[in-house]
Amino acid sequence: MEHPKSLMENLLGLLRVRVKCGINLAVRDVRSSDPYVVLKMGKQKLKTRVIKKNVNPEWNEDITFSVLDPNLPILLTVYDHDTFSKDDKMGDAEFEILPFIEALRMNITGLPSGTVISRIQPSKQNCMTNESCITYTNGKVIQDIILRLRNVECGEVEIQLHWIDLPGCKGL
């Protein structure tokens with residue numbers, strides 16, 4: 001009988017999603033909203049803190065996922081925190097991490113900071129508002145994405161992807 005591989009043997013590494021800010025989010029309370037973001041990847045589900053009465057919130061919060069399957073998309077949902085009732089949804093978006101993983105696999109080193117490695121165009125298939133650039137910045141590969149929220153009248157969320165290699169894991 002084969003023993004299941006340990007998590008580390010299957011783990012590619014850690015994806016750090018910096019949830020930077022929300023732009024022009026929907027109003028769900030009387031004049032404003034108390035937004036927070038939930039991110040889901042496979043069975044992992046993590047959330048940011050709530051920012052009170054702000055439709056242009058700045059979270060600048062890091063959410064870290066263990067990546068076993070680079071083909072899994074990440075679902076981002078914005079909620080309005082309500083004290084007495086169920087939190088209202090304020091839209092959602094989905095994004096792929098595969099282009100970012102592919103850029104990391106190129107093993108780029110020594111480029112000038114700010115060099116663009118690849119560009120992903122907005123399309124009907126993705127939730128991007130504009131071109132997303134994967135850049136080599138300060139010795140690291142990062143991807144900046146602005147997501148347009150779906151199922152809501154307005155709102156965008158700005159995120160940035162970073163990668164963390166873990167010693168002892170399978171790696172990319």
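**Salt bridges and the strands they link**

Analyst: In this predicted model, Glu131 is partly exposed, with a relative accessible area of 33%. Its salt-bridge partner is Arg119, and the closest N and O atoms of the two are 3.0 Å apart. Arg119 belongs to strand β7 (residues 115-120) and Glu131 to the loop between β7 and β8 (132-137), so the pair ties together parts twelve residues apart in sequence. Arg119 is also partly exposed, at 48% relative accessibility.

The structure holds seven salt bridges. Between Lys20 and Asp144, the closest N and O atoms are 3.6 Å apart. That pair links distant parts of the chain, with Lys20 in strand β1 and Asp144 in strand β9, 124 residues apart. Asp144 is partly exposed, at 29% relative accessibility. Lys20 also forms a salt bridge with Glu158, where the closest N and O atoms are 4.0 Å apart. Because Glu158 lies in strand β10 and Lys20 in strand β1, this pair ties together parts 138 residues apart in sequence. Glu158 is partly exposed, with a relative accessible area of 23%.

Strand β1 (residues 13-23) runs antiparallel to strand β10 (residues 156-164), and nine bridges join them; Arg18 has Gln160 in β10 as its bridge partner. Strand β9 (residues 140-148) is likewise antiparallel to β10, with six bridges between them, and Ile145 stands opposite Ile159 in β10.

Definitions and conventions:
Residues numbered from 1 in each chain as written. Predicted model: local features only at pLDDT ≥ 70, side-chain atom pairs only at ≥ 80, totals over all residues. Heavy atoms only, no water. Pairing = 2+ DSSP bridges. Helix = DSSP H or I, 4+ residues; strand = E, 2+ residues; numbered from the N terminus. Salt bridge = Lys/Arg side-chain N within 4 Å of Asp/Glu carboxyl O. Buried < 20%, exposed > 50% of the residue type's maximum accessible area, 1.4 Å probe, protein only.
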